[in-house]
Amino acid sequence: MEWTADGAAGDWIRDRVDSPWRGTIHDIVPRGFAEYVRIFHPATRDRPVGERWPGLPYARHRREWEDFQRRDPEIDVERVSWAQTAAALGTTMHARAQWDALVAPGRLVENEDGPRDAAGWRYGTPDLGDLPADLVAVVAGHAAAHTTTPDDGYVAVWEGFGGLVGFMGPAPSRTFIQFTPTPSEEVTAHNEMLSRSVRDPYDKGFRKDTRQDGMLDRTISEGPRLRLLNRDHVLFRGGVVELARPDWFLDVPWRDREAEEHGFPATAHAPTLVWPDDHAWIISTEVDYDSTIIGGSSELVRALRADPRLEAIPIREGTALTWDADEVNR
């Protein structure tokens with residue numbers, strides 16, 4: 001997969017999306033495909049082993065939470081589908097479901113815990129703009145089987161992901177603090193230095209801007225962008241088959257090697273847009289969406305729906321997926 005400055009490759013998308021935005025899937029996915037399908041990003045849920053979460057709100061149950069933290073109980077964590085969540089919380093899963101309405105219609109409290117079910121599970125929100133790596137591979141595998149050009153196409157990544165591109169500034173865009181059960185003197189000193197650099201507000205106005213590197217090299221960081229959907233994307237030339245392997249993230253140019261150097265597992269953001277040269281389909285993981293939307297043939301949509309690893313529900317052309325689109329669970 002190689003970077004390309006060929007912004008004209010996205011002209012066909014620009015010609016078929018709505019401009020200005022109208023609040024439907026066609027703000028991010030071109031019109032004109034036979035069918036569309038929504039891939040729901042999975043959520044997570046967790047609960048303490050052998051006991052229950054302390055009460056809410058935090059302010060009223062502060063002592064319970066402090067005792068809970070001192071005990072540091074083991075926590076079970078698992079991936080959960082939207083349908084499982086709806087079943088546990090007594091709501092209804094459907095094609096236009098919105099997470100906040102599905103989990104706790106009218107009951108979410110800002111800065112408090114996520115909703116809990118009768119079995120003690122606490123629910124966290126799905127990732128926005130990032131389909132999990134294993135599901136990227138699943139979707140790509142099906143997409144590769146429904147194009148005449150599986151080895152040739154384009155992959156676009158939103159430039160706004162933290163640390164993706166380099167820039168001129170007084171300090172890096174992110175820092176890594178290491179936590180270990182028995183930190184060494186080197187780790188402790190490193191963390192103290194980072195803590196000071198993050199908190200120090202006094203000399204920022206006097207620091208000179210210097211080159212801060214990103215995940216992508218300087219040529220790519222400073223190169224032309226693909227302007228689509230009111231966002232700028234870094235564009236790569238590559239086939240969808242490169243994303244169909246379970247370890248696809250090891251070979252993409254935007255692999256987060258800096259995080260790996262600090263002990264994090266190998267990872268990379270899901271592509272924002274993927275399409276083949278024959279324009280048989282498009283995969284769109286819009287950064288503000290908790291779902292990936294795919295436009296393509298009826299056969300591709302049928303294959304995605306049939307895969308038990310995916311939570312895929314067909315949606316009609318012109319479907320709105322705004323925050324108030326869930327009329328069922330209001």
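**Entry 1. Ground rules.** I am working from a predicted model, in which local features need pLDDT of at least 70 and side-chain atom pairs count only at pLDDT 80 or more, while totals for chains, interfaces and linings use all residues. Residues are numbered from 1 along each chain as its sequence is written, and side-chain values use heavy atoms, with hydrogens and water left out.

**Entry 2. Overall make-up.** I counted nine helices and 14 strands in the protein. These are DSSP runs numbered from the N terminus (helices H or I, at least four residues; strands E, at least two). Of the 330 residues, 45% are buried; buried means under 20% relative accessible area, exposed over 50%, and partly exposed in between (1.4 Å probe, protein chains only). I then looked at contacts (heavy atoms within 4.5 Å). Among those between residues at least 6 apart in sequence, 73% join residues at least 24 apart.

**Entry 3. D326.** I looked up D326 in the segment after β14 (312–315). Its relative accessibility is 2%, so D326 counts as buried. Leaving out residues up to four places away in sequence, D326 touches H94, R96, A97, Q98, A101 and L102. The C-alpha atoms of D326 and W99 are separated by 8.9 Å, although the two residues are 227 apart along the chain.

Next I checked its polar contacts (pairs of N or O atoms within 3.5 Å; within protein, one must be able to donate a hydrogen and the other to accept it, and residues adjacent in sequence count only if both atoms are side-chain atoms). The side chain of D326 reaches the backbone nitrogen of Q98 at 3.1 Å. A polar atom of the D326 side chain also lies 3.2 Å from the backbone nitrogen of V328.

**Entry 4. R38.** A97, which D326 touches, turned up again here: the side chain of R38 reaches the backbone oxygen of A97 at 2.9 Å. I placed R38 in strand β2 (residues 35–40). R38 is buried, with a relative accessible area of 1%.

**Entry 5. Helix pair.** I looked up how helix α5 (residues 133–144) packs with helix α9 (residues 298–306): the angle is about 145° and the axes are 10 Å apart. Axes are lines fitted to C-alpha atoms, for helices over the stretch in contact, and angles run from 0 to 180 degrees between N-to-C directions. V139, H142 and A143 of α5 meet L300, A303 and L304 of α9.

**Entry 6. Backbone exceptions.** Most residues other than glycine have a negative phi, and most peptide bonds are trans. I noted the following departures.

- The S19 to P20 peptide bond is cis, with omega near 5°; P20 lies in the loop between α1 (11–14) and β2.
- The L56 to P57 peptide bond is cis, with omega near 0°; P57 is in the loop between β3 (43–48) and α2 (62–71).
- D72, not a glycine, has a positive phi of about 50°. I found D72 in the loop between α2 and β4 (75–80), and at 61% relative accessibility D72 counts as exposed.
- H279, also not a glycine, has a positive phi of about 55°. H279 lies in the loop between β11 (273–276) and β12 (282–284), and at 31% relative accessibility H279 counts as partly exposed.
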